[in-house]
Amino acid sequence: MAAAQVDNCCFVDRQCSSDQEWTNGYHAYQNGQCAAPSQSQSEAQAQTQVSSQIDNCCFVDRQCSSDADWTNGYHAYQNGQCATQTTSQPTNPVSSETSAIDNCCFAGWLCRTDLEWANGFYAYRDNQCEATPGARTPVSNADTCCHQGWNCTIPSDWILGELVYALFDGECLIPETSSVDGVIIEGSDGFVVEMKEALDLLRNRTPQWYAYVIKAPFKIRQSYWSRNSNTLERSINVRVFEVFANTARRAHVLVHEACHLQRWLAGLHRYETDLQQRTEETLCELVVDYMLDSVRPFRPRNHTLEADINRLISEGVTNIRALANTERRRAYHLLSTMN
């Protein structure tokens, strides 16, 4: 009997107890990142030789440890930007009749950053270039909503796409998508409009907090599963029932969730104890309060927030305002990096 195929680092070098850990283990295995000898450098090279085609700078001149690294490595290879490649200038597929277009950035999108190129690649693969006629045409014989028009850009999208396809017998509710400064907005028509209005408010009234939000997620999407707004990998989810008539309230949600993401990206997000969770939530509400100083300067005082801060101080969290000021400085720094 043939041996079962191992396709996950959870079978090789790690203990996995949650769906996310198994998902991470799967992607680590695909990228040759298991620490055990079965995924040694020599075997990774052998796998590359079997495939007969190197298509990523991660095999050429760099060490890649995340999905973003591998995505950037792929696009760098396509553009001839590996350090050891002989081609020094990127080739524009639009200018060559024999080259295949594989990115919305070549089909009408204005792309300036690695993230925008990555989003353009996934959007094109899912037939979601806004400039392409007939977008969102379902693909036959698909077993996931990701092949029926969903814009799947992170592992959890593909997991959810398979689940929804199975639960609803292939009937996938196809969301509308748009892109703002490289961030995909996904949901109903009304949701996309509302999120754009909130981002416009931030951009026009307090650009540092706009930069803080727009630099945090890959995607802002309408969620049908979450009980409230939450972060999922590099996305901000807003539940479908949270319909806010007040644009400032929508901006409130985006800044609060971006706070969690920014701190997670900086390695500062902590939810290991009840006190750490309450500190994190209060901290991000204080960050929102700083944003509202610019958007609604004459608003009533937030007595609930003040009570939460005083309670944390009484429990020994005396640096809560200093932590929030760090996020405010981060917002100004991110604004200075905007193109």
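**Contacts, disulfides and a surface patch**

Reply: To begin with a side-chain pair: in this predicted model, H260 and E281 are joined through their side chains by a polar contact of 3.3 Å.

Me: Is H260 buried or exposed?
Reply: H260 is found in helix α8. Its relative accessibility is 4%. Buried means under 20%, so H260 counts as buried.

Me: How many disulfides does the model have?
Reply: A pair of cysteine sulfur atoms has to lie within 2.5 Å to be taken as a disulfide. C145 and C172 have their sulfurs 2.1 Å apart, and for C259 and C284 the S to S value is 2.3 Å. By this rule the count is 2 disulfides.

Me: How many residues apart in sequence are the parts that C145 and C172 tie together?
Reply: The disulfide joins C145 to C172. C145 lies in the loop between α4 (114-125) and α5 (155-167), and C172 lies in the loop between α5 and β1 (176-180). The parts tied together by the pair are therefore apart in sequence by 27 residues.

Me: What is the handedness of the disulfide of C145 and C172?
Reply: Both cysteines, C145 and C172, are buried. The torsion about their S-S bond is about -85°, so the disulfide is left-handed.

Me: Which helices hold C259 and C284?
Reply: A disulfide joins C259 to C284. The pair ties together parts that are 25 residues apart in sequence, because C259 lies in residues 247-265 and C284 in residues 274-295. For C259 the helix is α8, and for C284 the helix is α9.

Me: What is the torsion about the S-S bond of C259 and C284?
Reply: C259 is buried at a relative accessible area of 0%. C284 is buried as well, with a relative accessible area of 0%. Their disulfide is left-handed because the torsion about the S-S bond is about -75°.

Me: What accessible area do L163, L167 and F168 have together?
Reply: L163, L167 and F168 form a patch on the surface, and the patch is nonpolar. Together their accessible area is about 300 Å².

Me: Is L167 buried or exposed?
Reply: L167 lies in helix α5. Its relative accessibility is 52%. Exposed means over 50%, so L167 counts as exposed.

How values were computed: Residues are numbered from 1 along each chain as its sequence is written. This is a predicted model: local features need pLDDT of at least 70, side-chain atom pairs count only at pLDDT 80 or more; totals for chains, interfaces and linings use all residues. Side-chain values use heavy atoms; hydrogens and water are left out. Helices (H or I, at least four residues) and strands (E, at least two) are DSSP runs, numbered from the N terminus. Buried means under 20% relative accessible area, exposed over 50%, partly exposed in between (1.4 Å probe, protein chains only). A polar contact is a pair of N or O atoms within 3.5 Å; within protein, one must be able to donate a hydrogen and the other to accept it, and residues adjacent in sequence count only if both atoms are side-chain atoms. Patches are made of residues with over 30% relative accessible area and no salt bridge: like charges are joined within 9 Å, nonpolar side chains (Val, Leu, Ile, Met, Phe, Trp, Tyr) within 5 Å. Accessible areas come from the Shrake-Rupley method with a 1.4 Å probe; for residues, only the protein chains shown count as cover. A salt bridge is a side-chain nitrogen of Lys or Arg within 4 Å of a carboxyl oxygen of Asp or Glu.
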